[in-house]
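Visitor: I'm new to this, so could you walk me through the chains and helices step by step?

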Amino acid sequence: MWAFIHKLGSPKWFYGISAKLQPWFWVAAALLIVTGSLWGLAFAPADYQQGNSFRIIYVHVPAAFLAQSIFIAMAVSGLVFMVWKIKVADMAAAVMAPLGAAMTFVALFSGAVWGVPTWGTWWMWDARLTSMLILLFLYLGVIALRGAFTSRDSASRAASVLAMVGVINIPIIKYSVNWWYTLHQPASFTLTSRPAMPTEMWLPLVMMVLGFYSFFIALTLMRTRSEILRREANKRWVQDLVKDQVEEAR
Amino acid sequence: MSLCLQARQLACERDDRWLFQGLDLDIRSGEIVRIEGPNGSGKTSLLKILSGQLSDYQGELFWNGAAMKDVREHFLANLLYLGHAPGIKTGLSPLENLAWYQALSGTSSNDKDSEEQCLDALESVGLAGFEEVPAGQLSAGQQRRVALARLKLTPRALWVLDEPFTAIDRHGVAALEKQLVDHAKAGGCVLVTTHHALTASPLLRHIALG
Amino acid sequence: MAFDSFSEFIAMGGHAPYVWSAWGVTALLLLASVWHARAEQRQLLKSLKRRVRRENSSRGNAQ
Amino acid sequence: MHSSLHSSSQQGPSEQGSSHRSDISQQISAVPLREYKGGLLIAVKATLVRDLTLLLRRRGEVLNPLVFFALVITLFPIAISPDPELLAVIAPGLLWVAALLAALLSLDSLFRSDYDDGSLEQLLLAPQPLAALSLAKVAVHWLLTGLPLALMAPILGIMLALPAGSYGVLALSLALGTASLSLIGAIGAALTVGLARGGVLLSLLVLPLYIPVLIFGAGAVQAAILGDGVGAHLAILGALLAASLMLAPWAIAASLRISING
């Protein structure tokens with residue numbers, strides 16, 4: 001177990017294994033997202049209440065899932081980095097944050113746009129949207145904190161601590177916002193909770209969710225590889241690797 | 001009962017730059033160890049590692065033969081560290097400043113004895129008569145002396161001093177140097193960085209970085 | 001197929017602006033992040049290779 | 001417990017380099033090593049006394065958040081309307097938001113001066129657990145910021161035509177809530193203390209984490225106005241405080257260690 005963790009922690013090993021894994025996730029992401037999109041946009045039946053505006057669900061829900069999952073992944077990476085001092089975990093956490101913020105923004109934007117035909121307004125202090133907005137601020141905080149330190153080692157630790165504090169707070173925030181919302185808007189219509197969606201409606205949704213997750217993994221692997229090269233540029237193995245590539249090019 | 005702080009294959013990397021690597025150290029009772037090196041060679045980082053403040057290092061630290069992480073409390077109870085900044089609150093009087101340090105070392109700040117000890121310590125660094133003056137009204141050198149009064153106030157075996165001679169006048173420097181030698185002679189141990197030339201002594205040892 | 005013609009598909013039953021803008025922004029952000037990751041990787045490798053070549057040539061001069 | 005340390009233990013590295021000192025080692029007697037005696041209560045009490053003394057000598061720092069609180073509350077009737085009925089509706093929220101911002105304002109200085117003059121380093125080197133010592137500092141912050149804000153809020157409530165019957169709940173919810181705010185905020189203050197311009201960043205980090213406290217705090221006052229039971233709100237505020245009390249000190253300690261080496 002211990003040896004495995006440290007092997008996983010070696011940037012060189014990770015660089016090699018991620019090169020093998022990466023294509024599979026890209027293919028899975030492309031297949032799932034393209035099929036899910038076509039199905040969701042063109043073939044799934046329109047909602048009896050909301051009509052075709054319901055098709056926004058196929059981007060809103062996967063983005064919202066990912067927004068929350070990425071924050072958890074970031075906090076777990078931070079924990080792994082702090083406890084076992086595995087630098088790859090921190091590199092992954094660093095590249096996850098902007099994607100998480102982007103996904104939170106997508107969830108917010110699609111939610112707001114969806115609100116126009118549904119509620120007749122661009123913004124509604126709906127529990128789900130409000131939680132998303134707070135999550136966006138949490139992401140921005142982590143990114144800003146990481147950027148504020150001159151020493152990268154300190155930045156990594158500080159961002160890890162903040163991500164862990166944030167992840168403990170996310171369920172509390174969600175719970176309290178839900179509570180607040182039901183208090184002020186009793187029994188109102190929420191965007192995505194609906195009884196018994198027919199199969200041809202939820203199956204593309206599942207595909208989109210899985211596709212978004214594959215995309216997240218693929219992109220994180222790719223950007224972590226870049227981050228490894230950037231941080232380990234002075235290490236022997238990186239220089240040998242680059243030398244080999246230069247030789248091949250001749 | 002002698003003390004001994006050991007480091008094995010100590011290495012410190014800050015932002016992909018090795019400050020030092022493969023450092024082996026044995027620091028024992030009766031020694032004054034001076035860490036030397038140019039600016040930015042990691043003197044302060046080494047002192048921070050050896051005083052248990054910085055955990056971001058590779059290698060092993062041993063305190064009296066036991067791994068540092070197992071005996072951290074015992075180590076800290078025998079350590080006195082003075083950093084670049086004197087750690088003196090300008091809003092408090094020298095007496096109040098020392099009382100807080102005394103309480104951190106586990107002695108009550110209320111009883112009469114401990115106040116007496118604080119007064120003695122301040123007198124020994126030439127600050128008699130300044131006990132109740134807000135430290136903000138003292139000069140930089142006087143504030144440094146308040147910090148140095150802790151050397152007498154809380155007897156600790158291991159002193160780790162980062163540039164202790166800063167802002168001290170010539171008379172004070174001589175007294176401090178004598179204090180370091182006396183401490184080593186009494187079986188204590190001093191770890192010091194300084195730009196000031198220390199008088200040669202059989203107890204003095206140099207470690208060069210960078 | 002939920003639509004009878006392509007123009008109906010584009011119109012989205014009158015909800016076109018909402019559906020297409022939400023999907024558009026999502027697609028844009030996904031593609032932009034891929035593009036950014038690729039550009040980042042290329043630029044990094046380019047600068048690393050340039051460094052290796054420079055070291056090679058300087059070593060060649062010295063010999 | 002530590003007695004085994006003094007005999008040369010086998011797990012330590014081999015004895016070397018001692019021969020060159022054998023000539024002087026005969027002259028020196030050994031300085032006694034001290035055992036760690038604990039003394040946590042003494043250290044915590046001394047830290048409380050020290051921080052209270054320091055802040056009470058600089059009264060401006062204690063008064064500024066209170067003046068800020070009053071000022072912000074004055075701005076709202078001017079900006080919105082002097083109509084007492086309208087003000088009464090928004091008063092609970094206004095009072096809570098203004099108090100929260102006032103508490104936030106004073107957070108940046110929580111560790112700043114200790115960081116600047118080097119006493120934070122010394123605090124980290126105390127043999128006592130850092131979490132407990134930083135908790136003492138946070139307690140002083142609440143005592144001189146949160147508690148006065150809570151006591152002052154009812155007076156400002158009168159000016160906002162806050163309905164009768166909710167004044168006690170306002171003060172109580174603020175007293176409970178600001179304690180959580182001090183604890184959570186101290187994490188942010190500890191993370192940003194090493195940064196030259198950490199003030200704005202601090203609010204960005206901390207404000208999202210304040211939202212649950214704000215919801216239940218302002219909710220308690222509103223429930224009191226509506227005549228509903230406030231027990232649930234206050235209980236949740238208490239639960240939030242208990243959770244912060246358990247978790248925040250560790251996060252503060254970890255953050256301080258990061259900042260001191262930044």
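Predicted model: local features only at pLDDT ≥ 70, side-chain atom pairs only at ≥ 80, totals over all residues.

Visitor: How far apart are the nearest C-alpha atoms of chain B and chain C?

Guide: Chain B and chain C do not touch. Between their nearest C-alpha atoms the gap is 16 Å.

Visitor: And what about the closest C-alpha atoms of chain C and chain D?

Guide: No contact joins chain C and chain D either. Their closest C-alpha atoms lie apart by 24 Å.

Visitor: Which pair of chains has the most contacts?

Guide: There are 4 pairs of chains that touch. Among these, the most contacts are between chains B and D.

Visitor: Which element gives the most to the side of chain D that touches chain A?

Guide: That contact takes 20 residues from chain D and 23 residues from chain A. On the chain D side, the elements giving two or more residues are H9(D), H10(D) and H11(D). By class, this side has 16 nonpolar, 4 polar and no charged residues. With 10 residues, the top giver is H10(D).

Visitor: Is H3(A) roughly parallel or antiparallel to H4(A)?

Guide: The axes of H3(A) and H4(A) come within 8 Å and cross at roughly 155 degrees. Angles over 145 degrees count as roughly antiparallel. So H3(A), relative to H4(A), is roughly antiparallel.

Visitor: Which hand does the crossing of H3(A) and H4(A) have?

Guide: Their contact has 21 nonpolar, 7 polar and 1 charged residues. As for the way H3(A) passes H4(A), the crossing is left-handed.

Technical notes: Residues numbered from 1 in each chain as written. Chains lettered and ligands numbered in written order. Contact = placed C-beta atoms within 7 Å. Helix = DSSP H or I, 4+ residues; strand = E, 2+ residues; numbered from the N terminus. Nonpolar A, V, L, I, M, F, W, Y, C, P; charged D, E, K, R; others polar. Axes fitted to C-alpha atoms, helices over the stretch in contact; angles between N-to-C directions. Parallel < 35°, antiparallel > 145°, perpendicular 65-115°, else oblique. Left-handed = near helix turned anticlockwise from the far one by under 90°.
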